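Hi,

Here is the structure I promised to pass on. Have a look at it first, and then read my notes below.

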Amino acid sequence: MRPRWLLIPVLLSLAGIAAGMAWVDWSKGGAGSGLYSREWQPDPVQGYWDPDRFYQPVASVEGVFPAAECIACHEALTPGIVADWRDSRHSRPANRAPVACPDCHGADHRQLRMPTPKVCAECHAVQHDAFQSEKQYGFPSHVLAMERATDSKHFADKPKAETTACVQCHSVATKCDSCHTRHRFDAAEARRAEACTTCHSGPPHPDDETYFASAHGKRYLAEAQKTDWSKPLVKGNYTVPTCAYCHMRNGQHVVADKSIWQFGLRQVNPNTAENKVKRERWIEVCTDCHDEEFSRRQLTEMDRERELAWQGLNRTERLLRELRSERAFYPAAGERPPYPTDWMDTWFPKERIGFFEGQASSFYNVSPIERDYFEMWYFANLGSYKASAHGAPALVKEGHEALAHAEKSIADQAAQLRDKARAPRPDPKALWLGGEYTTHNREHN
Amino acid sequence: MRHALWLLLLVALPALAGKTCIDCHAGAAERSWALSKHGVIARIEAGRERRRAPDCTGCHALEAKAPAPNHYGRTLSRTQGREAARESCRACHSPRYTTEQNAAAARGLAIGEMKRREAEALLVTAREESSGAELARIEKLFATLRDEDLRHLRLGLAHQSPDYQWWLGQAALDGSLLRIKGTLGEARRTRAMTTDGK
């Protein structure tokens with residue numbers, strides 16, 4: 001017979017797990033959404049970006065309207081969207097009645113809804129199911145994009161007037177019209193390379209710049225206007241690949257199934273059993289046009305580029321961790337505003353260095369050397385990765401020059417911080433804890 | 001003054017003939033539009049008879065088919081511009097949607113202005129207590145914050161480009177602001193070392 005005291009740790013563990021699950025449920029029950037939902041209030045526009053959670057129908061128009069009446073009114077009020085709908089397949093589908101306003105928005109004007117993926121799934125179940133299946137790959141993925149945004153410390157912390165910018169792109173998880181713009185909802189539009197550029201552009205993910213600089217992109221620009229984009233995304237239909245052609249194989253609504261390098265955000269072993277499967281998926285795509293050996297060589301080149309980028313990033317990250325151990329940061333974590341969402345920050349202030357410590361939120365209220373590392377990791381590194389993935393060698397070179405420059409600049413700053421480590425240290429709190437925006441940020445989230 | 005501007009316009013118009021907006025407004029103004037959903041649709045559907053999404057003249061020259069600077073003036077006005085451009089928005093978007101999007105843009109810009117004012121207060125302090133290379137660096141950082149980061153935010157909000165609103169706008173403002181603080185703080189530290197050394 002086993003001693004009864006062995007049950008104590010088991011019971012405590014079970015109680016801890018139950019308490020943890022209850023806490024997560026409780027934390028998601030606030031006015032906002034996500035893990036920090038109790039920490040923030042949504043702006044009115046949040047309803048347009050995450051309609052399932054936040055959209056409120058307008059109360060000023062009363063009545064239950066059939067499609068013909070919706071169209072009659074909106075032809076005068078918002079003729080552009082009615083014209084778009086008339087141009088769409090929804091207005092004249094084969095073998096069924098038109099899909100009109102009430103089918104997606106409801107008929108009762110005081111109970112109108114903004115369509116969510118669940119609404120579109122009533123007819124487009126195959127696409128919706130594929131989209132939902134992305135959850136198995138975790139983040140980065142389209143389907144988890146909104147959760148990723150709202151579970152970020154900086155999203156919960158910053159004024160919502162500011163983070164509205166974030167959810168415009170992260171709403172790819174919560175509405176289908178990010179890619180299929182309303183009210184035409186044209187698959188041909190989403191097949192075009194430009195369709196992705198509203199979100200896949202800018203310093204951390206210059207997909208547009210790197211693709212259009214590649215041989216694929218240059219050929220696309222030359223041929224796009226004379227190409228028939230109504231054809232399915234399968235081998236033989238197109239002479240040049242676009243974002244959707246490569247990342248959504250055969251038009252499948254899954255972009256994360258070939259994600260080997262995880263967006264370039266963290267160092268990975270590209271040859272794990274799982275990644276070997278993903279590599280074969282890439283080879284299958286590339287060999288639509290290229291021979292197999294060439295395709296494998298491109299992937300190996302990417303491995304080398306990533307390895308080189310991470311050598312520099314790891315050296316710099318080690319240096320910053322050393323500075324943290326030496327208490328050389330100025331200001332240190334306890335001398336600048338903590339995230340209001342994180343009580344641990346208040347009790348045990350700690351500079352966040354690296355992906356796993358949540359450096360993605362460390363781009364404000366940090367010392368310049370930490371921001372420089374953020375930009376090295378998030379801008380120069382991801383820019384190089386995108387250039388490498390999209391086949392833009394000039395931009396790979398540019399990216400690695402930026403990485404080398406950042407590494408040297410950070411090393412120089414680190415040397416200066418060390419030189420001053422034993423010097424008098426004026427209290428930096430007044431400079432970092434005050435100021436109009438800093439105070440507003442502390443009080444509004 | 002007003003007559004002089006009209007005269008200038010009459011002289012300038014022939015020179016502008018045949019030019020597109022982008023010939024003069026390349027860079028952030030054009031790119032913030034091109035990356036927006038409006039810009040994406042307009043680029044994809046270039047050449048189609050029915051314009052589904054607005055290009056430059058779609059919002060900035062509402063009542064005129066030919067370039068009409070008085071209309072540009074109205075829609076580009078910082079005080080009246082958003083309201084004036086709403087005439088174009090209403091072809092596709094509901095009054096509530098445009099009102100809420102405009103209000104959100106105003107709130108976003110107010111945040112950017114707060115960051116600028118916080119930086120400006122630091123610049124005033126720096127002018128009082130610093131000089132030489134440190135002050136020059138702070139002056140340069142402030143100029144970047146005001147003339148690039150804040151401009152990008154404004155363009156991102158006006159043209160509905162998330163990238164210009166966030167990475168090139170708000171997050172860039174954060175970077176410039178913390179670097180001003182960092183430079184000012186290091187200058188104080190260096191002075192404290194010098195004083196201590198004496």
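**Two helices in chain A**

H16(A) crosses H17(A) in a right-handed way, where right-handed means that the near helix is turned clockwise from the far one by less than a right angle, and left-handed means anticlockwise. Helices here are DSSP runs of H or I with at least four residues, strands are runs of E with at least two, and both are numbered from the N terminus.

Before I go on, a word on the source: this is a predicted model, in which local features need pLDDT of at least 70 and side-chain atom pairs count only at pLDDT 80 or more, while totals for chains, interfaces and linings use all residues. Residues are numbered from 1 along each chain as its sequence is written, and chains are lettered from A and ligands numbered from 1 in the order in which they are written.

Back to that pair. H16(A) covers residues 273-286 and H17(A) covers residues 292-325; their axes are 9 Å apart, at an angle of about 130 degrees. The axes are lines fitted to C-alpha atoms over the stretch in contact, and angles run from 0 to 180 degrees between N-to-C directions. H16(A) and H17(A) are therefore oblique to each other, since under 35 degrees counts as roughly parallel, over 145 as roughly antiparallel, 65 to 115 as roughly perpendicular and the rest as oblique.

Which residues of H16(A) meet H17(A)? They are Arg279(A), Trp282(A), Ile283(A) and Cys286(A), and on the H17(A) side the partners are Glu292(A), Ser295(A), Arg296(A), Gln298(A) and Leu299(A). Contact means C-beta atoms, placed from the backbone, within 7 Å.

**The chains as a whole**

Chain A has 22 helices and 0 strands, and its C-alpha trace spans about 80 × 65 × 60 Å along its principal axes. Chain B has 10 helices and 0 strands.

**Where the chains meet**

The contact takes 51 residues from chain A and 48 from chain B. On the chain B side, helices H4 (37-44), H8 (95-129) and H10 (162-197) each supply at least two residues. H10(B) gives the most, with 21 residues. By type, the chain B side divides into 20 nonpolar, 10 polar and 18 charged residues.

Cheers

Note on methods:
Two residues are in contact if their C-beta atoms, placed from the backbone, lie within 7 Å. Ala, Val, Leu, Ile, Met, Phe, Trp, Tyr, Cys and Pro count as nonpolar, Asp, Glu, Lys and Arg as charged, and the others, Gly among them, as polar.
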